[in-house]
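Dear colleague,

Please find below the structure that I am handing over to you, followed by an account of what was found in it.

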Amino acid sequence: MHTAARTRANLLRRQPRFPITVRPTKADIAIALEIARDTGPAPEEVARALTWGADETVLLVLAAAGWLASRGRGEPLRRAGDHALLVAVAASLLPHAMKLLFDQTRPDRRTVLGHIHGISFSGKREDAFPSGHALHMGALASAAGTLPAGPRRAIRALAVGLSLTRVVVLAHWASDVVAGFALGAILERTLRLWTGYPLDSLKGGQSCRLWKA
């Protein structure tokens, strides 16, 4: 009987307990400390303004507007509108689900010097992992792969830049942003299997003609 009780106790201890605590890496801490020391109110205000470009509410509104605008258009545009809206919704839900499973203290809750230099408080204290903003931007960067070279590079540069603002304002550790960006790209590519985006007519040289049109 005692052996069975010990076995059950061992099994219970081995089972994962949620939420799982995620700890920042040494590199994460070094980057956050450097930002806290060297930032100031002006760059922080700029970063906080720019970070709204990756906010889920803004992106959901844009995706919904794009979906409505694509109705009554050709099949390629309708397919792109469906895909964009589905990705925006999924990219909004996934971080919230993951933050129920993982706890990580935001870097702006672990600095005093940073607040003196203009860092503000962001979001819920334990919701650092993963970065929802970066997840949206990873999905955007992945979807841009169907565009011609010029727009593709511009969108991907914008996506990376907006993701990095989350590190600058110390809302997330650098690894949270990298993880979120990668998850967003994986999510977008996975949803292509469902939406069928892009159509064959969007590939190769025909995509350039559609873009110019």
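**Packing of helix 4 against helix 5**

In this predicted model, helix 4 contributes E56, L59, L60, A63, A64, W67 and S70 to a contact with helix 5, where the partners are L77, R78, G81, D82, A84, L85, A88, V89, S92 and H96. Sorted by class, the residues of this contact are 10 nonpolar, 4 polar and 3 charged. Two packed helices are described by the angle between their axes and the distance between the axes. Helix 4 spans residues 56–70 and helix 5 spans residues 75–101; their axes come within 8 Å and cross at roughly 160°. Helix 4 is therefore roughly antiparallel to helix 5, since an angle over 145 degrees counts as such. The crossing of these two helices, helix 4 and helix 5, is left-handed.

**Helix 8 and its partners**

Against helix 9, the axis of helix 8 comes within 9 Å and crosses at roughly 140°. The crossing of helix 8 and helix 9 is right-handed. On the side of helix 8 the contact is made by R156, A159, V160, S163, R166 and V167, and on the side of helix 9 by A174, V177, F181 and R189. This contact of helix 8 with helix 9 comprises 6 nonpolar, 1 polar and 3 charged residues.

Helix 3, which covers residues 41–50, also packs on helix 8, at an angle of about 130° and with the axes 9 Å apart. That angle makes helix 3 oblique to helix 8. The crossing of helix 3 and helix 8 is left-handed. Here E44, A47 and L50 of helix 3 meet L162, T165 and V168 of helix 8. The contact of helix 3 with helix 8 divides into 4 nonpolar residues, 1 polar and 1 charged.

**The second largest pocket**

What is the volume of the second largest pocket? The value is about 590 Å³. Its lining consists of 23 residues, and those nearest the centre of the pocket are D55, R106, G123, H133 and R166. Helix 5 and helix 7 (132–143) are the elements that give two or more residues to this lining. The largest share, 4 residues, comes from helix 5. By class, the lining of the second largest pocket has 6 nonpolar, 9 polar and 8 charged residues.

**Backbone features in the loops**

Most residues other than glycine have a negative phi, and most peptide bonds are trans.

- F129 and P130 are joined by a cis peptide bond with omega of about -10°. P130 is located in the loop between helix 6 (113–116) and helix 7.
- Y197 and P198 are likewise joined by a cis peptide bond, with omega near -5°. P198 is part of the loop between helix 9 (174–195) and helix 10 (205–212).
- L170 is not a glycine, yet has a positive phi of about 60°. The loop between helix 8 (149–168) and helix 9 holds L170.

With kind regards

Definitions and conventions
Residues numbered from 1 in each chain as written. Predicted model: local features only at pLDDT ≥ 70, side-chain atom pairs only at ≥ 80, totals over all residues. Heavy atoms only, no water. Axes fitted to C-alpha atoms, helices over the stretch in contact; angles between N-to-C directions. Parallel < 35°, antiparallel > 145°, perpendicular 65-115°, else oblique. Left-handed = near helix turned anticlockwise from the far one by under 90°. Contact = heavy atoms within 4.5 Å. Nonpolar A, V, L, I, M, F, W, Y, C, P; charged D, E, K, R; others polar. 1 Å grid on protein atoms, 1.4 Å probe; cavity = no way out; pocket = protein on both sides within 12 Å on 5 of 7 lines; lining within 4 Å. Points joined across faces, edges and corners; volume = space filled by probe spheres on them.
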